[in-house]
Number of protein chains: 4
Amino acid sequence: MTMQDAPLRIAVIGNGFMGRIHTQAWRTAPRFFDLGREIEPIVLVGRRPEGATAARDLGWPEYATDWRDVVTRPDIDVVDICTPGDTHAEIALAALAAGKHVLCEKPLANSVEEADRMVAAAASASSVAMCGFSYRRTPALAAARALIAEGALGEIRHVRAQYLQDWLSDPDAPHTWRLDRERAGSGTLGDIGAHSIDTAQWLLGDDITAVSAVLRTFVSTRPPLAGQAGLGGVGGSGDRLPVTVDDAAAFTATFAGGALGVFEATRMATGRRNANRIEINGSLGSVAFDFERMNELEYYRADDPSGAQGFRRIQVTEPEHPYAGAWWPAGHGLGYEHLFTHQIVDLVRAIGGDLDAAAPSFAEAADVQRVLAAVAESAANEAVMTPVRRVGGEGSES
Amino acid sequence: MTMQDAPLRIAVIGNGFMGRIHTQAWRTAPRFFDLGREIEPIVLVGRRPEGATAARDLGWPEYATDWRDVVTRPDIDVVDICTPGDTHAEIALAALAAGKHVLCEKPLANSVEEADRMVAAAASASSVAMCGFSYRRTPALAAARALIAEGALGEIRHVRAQYLQDWLSDPDAPHTWRLDRERAGSGTLGDIGAHSIDTAQWLLGDDITAVSAVLRTFVSTRPPLAGQAGLGGVGGSGDRLPVTVDDAAAFTATFAGGALGVFEATRMATGRRNANRIEINGSLGSVAFDFERMNELEYYRADDPSGAQGFRRIQVTEPEHPYAGAWWPAGHGLGYEHLFTHQIVDLVRAIGGDLDAAAPSFAEAADVQRVLAAVAESAANEAVMTPVRRVGGEGSES
Amino acid sequence: MTMQDAPLRIAVIGNGFMGRIHTQAWRTAPRFFDLGREIEPIVLVGRRPEGATAARDLGWPEYATDWRDVVTRPDIDVVDICTPGDTHAEIALAALAAGKHVLCEKPLANSVEEADRMVAAAASASSVAMCGFSYRRTPALAAARALIAEGALGEIRHVRAQYLQDWLSDPDAPHTWRLDRERAGSGTLGDIGAHSIDTAQWLLGDDITAVSAVLRTFVSTRPPLAGQAGLGGVGGSGDRLPVTVDDAAAFTATFAGGALGVFEATRMATGRRNANRIEINGSLGSVAFDFERMNELEYYRADDPSGAQGFRRIQVTEPEHPYAGAWWPAGHGLGYEHLFTHQIVDLVRAIGGDLDAAAPSFAEAADVQRVLAAVAESAANEAVMTPVRRVGGEGSES
Amino acid sequence: MTMQDAPLRIAVIGNGFMGRIHTQAWRTAPRFFDLGREIEPIVLVGRRPEGATAARDLGWPEYATDWRDVVTRPDIDVVDICTPGDTHAEIALAALAAGKHVLCEKPLANSVEEADRMVAAAASASSVAMCGFSYRRTPALAAARALIAEGALGEIRHVRAQYLQDWLSDPDAPHTWRLDRERAGSGTLGDIGAHSIDTAQWLLGDDITAVSAVLRTFVSTRPPLAGQAGLGGVGGSGDRLPVTVDDAAAFTATFAGGALGVFEATRMATGRRNANRIEINGSLGSVAFDFERMNELEYYRADDPSGAQGFRRIQVTEPEHPYAGAWWPAGHGLGYEHLFTHQIVDLVRAIGGDLDAAAPSFAEAADVQRVLAAVAESAANEAVMTPVRRVGGEGSES
C-alpha cells in the first residue's frame, strides 16, 4: 500500500445492527484490500448516553449522541449513516453541506420527495455520495452481473426475485418501530423488497417500467416489547399495538428491455430466515442465487453439450471472482459481514477518484425509491385486480 | 382382490404423449392396487391410420381413427380423453350422453363456456366424470395436502407457485400446434399454469378470488417443423410462422381465505426442464416441492425446538405416504408415470362407488378454467399496471 | 416392431419384492422398447400355495410352487430367478441344463464355489446367462460410465462408494431370514455392498485387486417377527434370536489401474433410506451420484473456464441419455422399477444376438463374489489393523 | 466488558495464510465477544525482511524476523504459532519455557516424539497451551457435538469423514514445500486428514483404537514453482521435483465405544475445493456436515413422526447456536475466518481461568498425532491387505 493521503477519518451515525457491521467493515477493509490510505475511526453516534460502553467495546475512541455536532466536525471526512430511514435525508443533507463524503444505508429515504432532495444535494456536492445496497457486494451476485454484462445469458426474459424472512411469522412476535409507518416508511417492501429491486435492476443493467402489486398485513396488532411504552397511547385491540405497515409484498414487473419480473418480499415465510433469492433466465443461460448459500452461484449454459447440461454449483471463492481474491483460498467461504467490507472498499476507491465504484449513487438509489412508490401506489388500488367470475359466489363447487 | 363386477372396458382417445402414459397406467394400476375389478383395454383411438402399429406395440388389441364410432360402443365402459383441448368438450359430451364414465385430460376445455357445458352434462349424467390433473397424485403433494388439511401449517399466508420449462428457450425451436391459439386455446398458461392453479386451490382447499396478470410472447415467429405445411399459408416474417399464444405468464392472486399467491409459468426458463414448484407458508409451518425431485417434500415445523429447526427433506416413499405403500420399500422412488397410475386407481374407485375419489370433478376443473379466464382478461389490459414515474423518462440515471 | 420370432415365454421364480418388480418389468419392457419379439409371461413360482391369489393379481396366468417342475417345461424360454441367494446355484444350473436363458438376481451365489459352478455351466450352455445387478441400468450411472469410458474424467484416482440404509437401525426391528447366515450367506455386505462393488468395477472397467475390511454386527439379537417360530429353538438372550451376519461393512480397496477405493455398506445409517452413492474423481473431472436422487448426475469438468467451474446437476432424462429416450420427455423422471425394465430389455436383446447386452455375465458376477470373499477374509482377521499406541491405555487424555 | 486485567499482548509467529487469518481473529474477537480484557497486538514474525510491508498493511505495529528474540520478550503474553509443522516443537518449547501462553497451529508436531515433548512442557508450565484445530469452532460442528453429548443421537455406530480438496489434481500443478517430507512431515494425511481425526474424536468424545490404511501418491514429480530453486539440486525426472508425501489417505477405524469409522483425505478430488465432511449415525439420529456449506447442519431424528421424518437443514445462525449469537441475526451466515475468531475467544477465556476452553490441549492434539502415526504405520505395510483371488490373474473375465 502506498500512502498517498492523510488517513480517512470516519464517523458512523447509528449504533444498531447496521452500525455494528459498518464498524467491523471499516476496521477490516484496509487489512485485506489496498485502499491507498489509512482508515481512522473517530466517533460513533447513538441516541442514548448508555451506548458509550458498547461503543468502546466495538473499538471506537469516541462516542457522541448528537449527530448534528458530529457531521460538521473538521476532523471527520466520511459520514456513514446507519440510522432508520426517516432520518437519512436530514443527516445526509447536513453532511453533504459540510463537504463530507456520505455513505447512506438503504433505502435511501422514506419517500421519493426526500430522495430527490438528497439526489440534488449530491449532484451539487464535490464529495462522494453512495447508498449502501450491500448485496451488490456479494461475490456470487457480482459474478452473475459480470456474466450478464458480457452477454453470457443472451437476451434476458425472466427475473424471479424473492426475499423471504420469517421473524414476524408468529402473531405474538412483539411490535417494533419497524412496524410503525411513521418511523419506518413502509414495512417489508422498503426493508427487504428494496434489495430485490436494486439487485434486479443492477444485474440486468435495466429499469423496471411498470408494476402491479399486492401488499398484505397478515397480523394487524402485536403485543408491545417487554418494557415498551405504548406508541403515544394509541393501543390496538386491548394492549396490543397496531401494525401500520405491510407484512408482505408481491408484484409483477416489466423491464424496459423486455424482461418479465416477479417479485415477492415477506417476513412471514415460516422457515426462511434470510432467503434473498434471485433467478435470471436468458436465451443462452440462467443464473440462480440464494443468500442462505451466499458462497454459491448456480449457472446454466445452454451451449453445454446435449446430455451434459445442468446448473453448475459454482463456489464463488476463486481468485477470479469479484472481491474473493483478497481473502482466503478457494473453498473457504465468506460471511455476511464481508459484503460490508467490500462496500467500504468501493467507497474509499471512489473517494480516491474511481467514481464509478460509488454505486449505487444517490440517483440510482432514488430510482429504487420510485419503483417502491409505484408498488405502493399500485397496491393501494386493489380494484385493478381482475375478479374470478364464479357463478354462485366464492365456492369452487359452484 | 374380490371380483365384484365384470371387467371395466377401456377406450383411450388420443395416441400422443398422454395417450401412451394413460395406456401404461391402465395396464399397471390393477397390478399394484386392489381395484375391485379387472381392467380390459379395448381400443386406442388416433387420427391417422398409420397409428395402428404403435397401438399394437403399446399392447392395444384394437385401433380406431374415429372417436365418434368408439364412444358409443356397448363394449366400452370408460372413455379416457387424451386429445388436445379443443376437442375435449365434444368428445366428453358424446361419451357422457352415451352413459360412459369419462376421464378427461386437463385443461378441461379451451373456454369457460365449453367447460360449463361439460359440467352441466356431468351433473345430469349417472356416470363418473373426472378431469386429469395428474399432479394431485404425486405422493409428495398428496402428503402436503394432508398436512395442510390437518392444520399442521396453521393459517396459510403464502402460495408461491412456479412451473418452469425451457423447451421454447431457443428462438429457433420449431413451431407446433401448441403455439397456435386456434388449436391450443392458450399457451403456457393453460398448458402448465393450469396445473399450478389447480394444485394451489386443491392444496389449500381454497379459492383464488382475483388476479393481476402479465402474459408475454418473447418469440413471435418460429420456423416450421421439418415437413410442416404452413398454417393455411399465413406465414410470419419470411418463412417463419406466427406464435399466437403466450410463452410465459405471471400473476399475483388473492385467496378467499386470505392467502397471497404469486404464480409464474414459462417455457423459457433456460435450464429448467420441468420444475413444477410450489411452496406454502403458514403460521405454523411450511412445505416446499419441486417436481424435478418428485419423491421429496420439504417440510418445516415452527414448533421444532429452537436451534433444531429446519426444512426436513422427507422422502415420500414410506408406507404412510399417500399411494406410496402399494409400491416398493421406502427409499425406492417413483417416476412420472406413476401419477397416472394413481389417477386411474382413483377413477376406478369412484366408479366403484367412492365418488370423492374422482377429483377434480368437472365442476372443480371448470373453476380452474375460470381462473385462467380471469388471468387472460387481466393480462389483456396491461394499462392496469402502474408505471414507475421517472423524471426524465425511462432511465434510472434521471 | 418387426416380429422376427415366436414370443419369448417367461417363468419367474420367486414372488417376493424382486418377483413383483421383475413381473412389472416383463410387462412394461415390450411396450416402450423394440425388443424384436413379444413377451409371454407363463408362470410365477412361489413356495406357498396361498401365493396363487397374489400371482393372479400381478397378472400371471399360472402359479406353481415347485421350481423344479417349471424350469424344464418346454413352454418356457427364460427362467428369471428372484429367490434368496442360497437357491440361486441349484435353480440356475437346472435351468441352464434344460437349455433355458437365465436371469439370476444378485448376488450370483452365496459362495465363490457355487458361483464358479454357475460360471462353468453358463460357459458350456448355448443359452444366455445374466446376473441382475440392476443399478447398472440407472440412466445416470450408465451416463457416468459412458463419460468414463470416453476419457472425460481422465485418469481415475478415487472411488468413493457408500450404500446406506437404516431399516435395522432400531435394535428392536424384528429378525428376518436376511439376518441368518445359513440362508442369506452374508448380511449387508452381500446384499447391498455387492451392488457398490459391481457398480465401481463396471464404471471404471477395472478390477479391485486387494481390500482391507471391517465388518460389524451392532445388534446381536433381535425379537422374532410376530408369529415367527424360533429358528430351530436356538434363541438368543431370552426370546430374542441371534443375528449371525454383518450389519455393516467398510473397506479400502486398490484397483488394478491405480485408483484408490473406499467402500461402506450399512443398514444402520439412521435417516438414509436407500442412499446408494458413488463418486469418482479423475484427473480431468468427477461424477457423483446418489440413488435417493436417481434422475440426477453431478458432473464436474476441470476444463470449464476458471471461475465458472462447478458440479453440474444433470437431469438424466434427455433423449441422449442411456435408456431415457424411450420414455417421457426431458424432466419427467423415472423410478426404481424402470431399472428392471431396462434390464429385461438388455436381456432380450442378448437373447436376440447382442450378447454384450447380457451384462454382467455370470463370470463378471462371480468376480464380484471373489471381492466379497476377500472382504470377508480380510474382516475375519482384525488383527491386521494397526493399533493406536497410547501411553496409558485407551484415553486421549493420556 | 469489565476490564479485570492489563491488555493481553500478542505475538504471531508466521506470516503466511495462517498468520493472516490469526491476525484478523485477534483484531475481531474483542469486538464481538466479552473477553474480559483488551487485546494488544505487538509483533508479527516472518522469515524475510521484506515481510515488513505486509505486516504494516495487516495492522501490526512491529515486525521481526527472528522468533527466538520475540518469544522471550517481557512485553509478550501470548505466542501464537502459525509456522509449518517442523518448527512447532522448538518454538512452543521456548515460549512455554519463557512462561508464555501458547496457541499452536495443527498438526501439533511432525512426529509423536516431538508432540510428547510439547505435552510434557505444557504439563509443567503454568501458562495455557492450546492447539489450533479450528474446525471445532464451526458453529454447525459445535452444535453437532452438543447433540451427541446430550444423547440425541443415541449409541453411535458410524463415523464417515471425508476431507476432499483438488488443488493437486492437475499433474502439472507446481511443487511446494508441502510436498517435501523433510519439511511438511506428511502430505494430505497430516494437513487435512488430521482435522477429520480430531473432529471425529471430539464429536464423539471417544478414541480411535485401531486403523487400516492406504496412502497414495498419484503424481510423483511436479514442476518447480516459477523462480523456485531446486530442492538442493535433487531433481526428479528431468526438471521436475520429487513428491515425497502422500496425495491421498484412506483408512477404516475402530472406536473404543464401538463405532466404525471410515476416513478419507485427498487433494485430488477434482471439483471439491474444501469439502470437509462428516456424517455420524447413531441409534436415535444422525448429523451430516460439509464445510462447503459451513452454516448448515443436517440433522435427522428417528423419533420424528412416521411419514414426516427427514434430514433437517438447520441454518446454524440462531442465538441458541454455539458462538453464533454474538454475531448477526439468524440467517446471516459466517465465513471461514470466524472459526479463528472463536478460537481466540476460547483461548482468552482459558487464560482468564476457564481452562476447559483451551481445547484441544497439547495432550489431546498429541493423541491425534498418535492416530496419524498408526495410519502411516498401517499404510507402510500394504501386505496386510487381502488380495482378491482370481483364477487367471487380474481380469474380471477370468
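Begin by selecting strand E17 of chain A together with strand E8 of chain B (residues 208-216), which run antiparallel and are joined by two bridges; strands pair if DSSP finds at least two bridges between them, and strands (E, at least two residues) and helices (H or I, at least four) are DSSP runs, numbered from the N terminus. Within this pairing, Pro387(A) stands opposite Ala210(B).

This is a predicted model, in which local features need pLDDT of at least 70 and side-chain atom pairs count only at pLDDT 80 or more, while totals for chains, interfaces and linings use all residues. Residues are numbered from 1 along each chain as its sequence is written, and chains are lettered from A and ligands numbered from 1 in the order in which they are written.

Next, select the whole interface, where 56 residues of chain A are in contact with 56 residues of chain B, contact requiring C-beta atoms, placed from the backbone, within 7 Å. On the side of chain A that touches chain B, H10(A) gives the most, with eight residues.

Now move to chain B and select helix H6 (residues 139-149) and helix H8 (residues 188-204), whose axes come within 8 Å and cross at roughly 35°; axes are lines fitted to C-alpha atoms over the stretch in contact, with angles from 0 to 180 degrees between N-to-C directions. Here Leu141(B), Ala144(B), Arg145(B) and Ile148(B) of H6(B) meet Thr199(B), Trp202(B), Leu203(B) and Leu204(B) of H8(B).

Finally, select Ala95(A) in helix H4 (residues 88-97) of chain A. Ala95(A) counts as buried because it has 29 C-beta neighbours inside 10 Å, the cut-off for buried being 20 or more other C-beta atoms within 10 Å.

Notes:
Two residues are in contact if their C-beta atoms, placed from the backbone, lie within 7 Å. A residue is buried if 20 or more other C-beta atoms lie within 10 Å of its own, exposed if 12 or fewer, and partly exposed in between; C-beta atoms are placed from the backbone.
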